[in-house]
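Here is a briefing on one structure. Have the sequence and the model open as you read.

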Amino acid sequence: MLKKDIEKALNEQISIEGSASFLYLSLASWCDTKGFEGSAAFLYQQSDEERMHMLRLFHYINNSGGFAVAPEIKKQNLKIGNLADVFRLVYKSETKVTESVNEMVDLCSRQKDFSTLNFIQWYVSEQYEEEVLMKSIIDKIELVGDDGKGLFMIDQYIKTIRKQPAANPAAAEGDA
Ligand code: FEO
């Protein structure tokens, strides 16, 4: 059985992953309407991936005797001027998710909940990969600045990125 504070923290993580999913949906929409079709495709895919992260938590909580709660959808007020802003928002969101995952790891260690600690390790690996990827995209966009041709090339490159989720058989139990 899950301890109440672990269940609460896992439900908060559900909310954070859900917010990331909807943030990426909003950003995909911006890209879609500005001619960045590669970035839009990538962000739609990332949005689906964040929903999958949320569902892993859902299944884990319910399979462990807790109760998973669907998060509230909050309106996003985004200020986006260019493609770099889009990926800066993605990166900021990822660092927030990482912070929260790290807090989960700390809580599980203190509470000696080794099952949840094992489960959450998948998120630690996943966050590392996502932060590195998003930072590398920002670096490329900043390299070309406002050059339209350069941005077009980068958008085409982003379209080719197919991120593989982090491997961790321990998390398979919570797979969607
Ligand atoms: Fe599931 Fe990248 O946060």
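Buried means under 20% relative accessible area, exposed means over 50%, and partly exposed lies in between (1.4 Å probe, protein chains only). At 0% relative accessibility, His53 counts as buried. This is a predicted model: local features need pLDDT of at least 70, side-chain atom pairs count only at pLDDT 80 or more, and totals for chains, interfaces and linings use all residues. Residues are numbered from 1 along each chain as its sequence is written, and side-chain values use heavy atoms, with hydrogens and water left out.

**Nonpolar cores**

- A nonpolar core is a set of buried Ala, Val, Leu, Ile, Met, Phe, Trp, Tyr and Cys residues joined through side-chain atoms within 4.5 Å.
- The largest such core has 25 residues. Cys31, Phe42, Leu43, Phe87, Ile137 and Ile141 have the most contacts inside it.
- Two or more residues each come from α1 (4–33), α2 (37–63), α3 (83–111), α4 (114–144) and α5 (148–160). Helices (H or I, at least four residues) and strands (E, at least two) are DSSP runs, numbered from the N terminus.
- α1 supplies the largest share of this core, seven residues.
- Phe42 touches Phe87, Leu133, Met134, Ile137, Ile158 and Ile161, leaving out residues up to four places away in sequence. Contact means heavy atoms within 4.5 Å.
- Another core lies apart from the largest one. It has 22 residues, among them Ile6, Leu57, Ala68 and Phe119.

- His53 is found in helix α2. What is His53 in contact with, leaving aside its neighbours within four places in sequence? The partners are Glu17, Trp122, Tyr123, Glu126 and Glu130.
- Gln127 lies in helix α4. At 3% relative accessibility, Gln127 counts as buried.
- Gln127 is in contact with Glu94, Val97, Thr98 and Val101, again leaving aside neighbours within four places in sequence.

**Salt bridges**

- A salt bridge is a side-chain nitrogen of Lys or Arg within 4 Å of a carboxyl oxygen of Asp or Glu. A search of the whole structure finds seven.
- Arg88 and Glu142 meet through their side chains at 3.0 Å, N to O. Arg88 lies in helix α3 and Glu142 in helix α4, so this pair ties together parts that are 54 residues apart in sequence.
- Arg88 is partly exposed, at 37% relative accessibility. Glu142 is partly exposed too, with a relative accessible area of 44%.
- Asp85, Arg88 and Glu142 are linked in a network of salt bridges.
- Glu12 and Lys8 form a salt bridge at 3.4 Å, N to O. They are separated by about one helical turn, because they sit four residues apart in helix α1.
- Glu12 counts as partly exposed at 44% relative accessibility, whereas Lys8 counts as exposed at 54%.
- Asp139 and Lys135 form a salt bridge at 2.9 Å, N to O. These residues are four apart in helix α4, so about one helical turn separates them.
- Asp139 is partly exposed at 36% relative accessibility. Lys135 is partly exposed, with a relative accessible area of 37%.

**The largest pocket**

- Rolling a probe the size of a water molecule over the atoms shows where empty space is left.
- On a 1 Å grid over the protein atoms alone, a pocket is an open set of points where a 1.4 Å probe fits, with protein on both sides within 12 Å along at least five of seven lines; lining residues have an atom within 4 Å of a point.
- About 560 Å³ of space lies in the largest pocket. Grid points are joined across faces, edges and corners, and the volume is the space filled by probe spheres set on the points.
- The lining has 25 residues, of which Ser19, Ala20, Leu23, Gln76 and Lys96 lie nearest the pocket centre.
- α1, α2 and α3 are the elements that give two or more residues to the lining. α1 gives the most, with eight residues.
- The lining divides into 10 nonpolar, eight polar and seven charged residues. Ala, Val, Leu, Ile, Met, Phe, Trp, Tyr, Cys and Pro count as nonpolar, Asp, Glu, Lys and Arg as charged, and the others, Gly among them, as polar.

**A backbone angle to check**

- Most residues other than glycine have a negative phi.
- Phi of Lys112 is near 55 degrees, a positive value in a residue other than glycine.
- Lys112 lies in the loop between α3 and α4. At 61% relative accessibility, Lys112 counts as exposed.
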